[in-house]
Amino acid sequence: MSQAVVDGDRAVEETVPAPAGSSRRAPPASVVVFGASGDLAARKLYPALAALARDGLLPARFALVGTARSHLEDEQFRAHLREVAPDHGPRWDEITAGARYVSGGYDDPGTYAELAAVLDGLDGRDGNRLFYLAAVPAVFPDIIAALGSYGRPATAPDRGWTRIVIEKPFGRDLESARALDRLCHLYFDESQIYRIDHYLGKETVQNVLALRFANAIFEPIWNRRYVDHVQITVAEELGVEGRAGFYESAGALRDIVQNHLMQVLALTGMEPPASVDAKGIRDEKVKVVQAIEVMDAGRVAQDVVRAQYSAGSIDGMGVPGYRDEPGVAPDSSTETFVAMKLAIDNWRWAGVPFYLRTGKRLARRVTEVSMQFQGVPHLPFAPAEARGLHPNSLMLRIQPDEGIGLEFGAKVPGLGFTVRSVAMHFEYAEAFTQQPHDGYERLLLDALVGDPTLFIRSDEAESAWRVCEPILDAWAEGTDALARYPSGSWGPREADRLLERDGRSWRRL
């Protein structure tokens, strides 16, 4: 091969001015998508690249190459790109017209030889290459090893940079995550590895930082002295939606808790960073996850609830139970719902429980962080006058209807003196005219410009598995029962009892 696949990372000077309203623009590069014919690429990656092209954030010298086991000709791949991301303007049309496709097995050396030849033939990209692993996680080791074996050494920085984006989940447990990490570092420096969690690309997730550190009124009360407990919910109305093969091997803990929920928890609980850059933010996120108390089997049985949805109704339409979904074993014990109580053992959060829950086929789609504050130390009103008064709470709605809410006590109009809780809401859609970028748009652009701030560092991924693995081990030993809940509900009764025993309840969403 005249020019191999992999290279070291270096900064590339931006030579084309960014469009109005944008501070960044991707440098010349070739993007290679592994799993190019799959669902993730079609639903998320191609529309995100098309949106970046439409907004003028992709340069003139930009190429897209798809790689997968499915056999497609170049023109079939181009038609697929136009189908999944139509009407995105002339720049996207130019990119799709020049897109290339390489079919073959991920463990076949011939696939990578052909890929290298295709990349060598794409002139004018400065040798910059972004490899995106959107295939099933089981083939990640094959792809990483092959890219390393057929790659050019990191001692040739004049040939451009190379970065690799790895989709979640990063491993299936702590040991597999460490093994995957060791394999990555055989061929790539940590600065070249971008472990992606698209939740971190969402504007409202990032606004957790803005709310805390740009407002003097919140940070002083963001601690155990004022906060009674924190709830984080990631609820979905959808079922497995044809992804039973993946979900049967993953489950809700691996699919959502180990990544999405841990990331939101880390941003909510982290200390103020010394600097708002990749090192400052990621250092503090890691500290929070490392401070989470690891459970033994007894604690798992007491503080973790797992469940699976049964038949029910969503938006007035009947839906099947999980075990009746195509591709799911009739006796499956895979969890589609997890609720847990976590403790963070540090100065800021000691004694403050964090309640997490996620599930499929729940009553509505919503992701929210709710921080409930302690009650007032003395209430001077008669009980009848304050019957509708609850402790203050702050809500950060991540999706949908992105915004922030604050509940506080107010007097009810009238001749008597009655107080009750009222809500004040801020919605991003009303306050800002511009449409927020999709999480994948933001993160793809970050990877192209070399900004790792919103990606997961290796020690952070390991720390999250350190919390989740004892739960998986306890479940494997069969120390707890799998609860059931009807589709369209808010989960099993056991999840309610998790809070009720502490004198608390889930916030109504």
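Helices (H or I, at least four residues) and strands (E, at least two) are DSSP runs, numbered from the N terminus. Buried means under 20% relative accessible area, exposed means over 50%, and partly exposed is in between (1.4 Å probe, protein chains only). Bear in mind that this is a predicted model, in which local features need pLDDT of at least 70 and side-chain atom pairs count only at pLDDT 80 or more, while totals for chains, interfaces and linings use all residues. Residues are numbered from 1 along each chain as its sequence is written, and side-chain values use heavy atoms, with hydrogens and water left out.

Select residues 483-486, which make up strand E17. Ala483 and Tyr485 sit on its covered face, while Arg484 and Pro486 are on the uncovered one. In a regular strand the side chains alternate between the two faces of the sheet.

**Stop two: salt bridges**

A salt bridge here is a side-chain nitrogen of Lys or Arg within 4 Å of a carboxyl oxygen of Asp or Glu. The structure holds 35 of these salt bridges.

Start with Arg100 and Asp74, whose closest N and O atoms are 2.8 Å apart. This pair ties together distant parts of the chain: Arg100 belongs to strand E3 (residues 100-103) and Asp74 to helix H2 (residues 74-84), 26 residues apart. Arg100 is partly exposed at 29% relative accessibility, and Asp74 is buried at 19%.

Next, select Arg195 and Asp181, which meet in a salt bridge at 2.7 Å, N to O. Here strand E6 (residues 193-195) supplies Arg195 and helix H6 (residues 174-187) supplies Asp181, 14 residues apart. How buried is Arg195? Its relative accessibility is 2%, and Asp181 is buried too, with a relative accessible area of 10%.

**Stop three: loop to loop**

Go to Glu236 and Lys360, joined by a salt bridge of 3.2 Å, N to O. Glu236 lies in the loop between strand E7 (227-235) and helix H8 (244-269), and Lys360 in the loop between strands E12 (353-359) and E13 (366-373), 124 residues apart. Glu236 is partly exposed at 23%, whereas Lys360 is buried at 4%.

Finally, select Arg212, Glu219, Glu271 and Arg348: salt bridges that share partners join them into one network.
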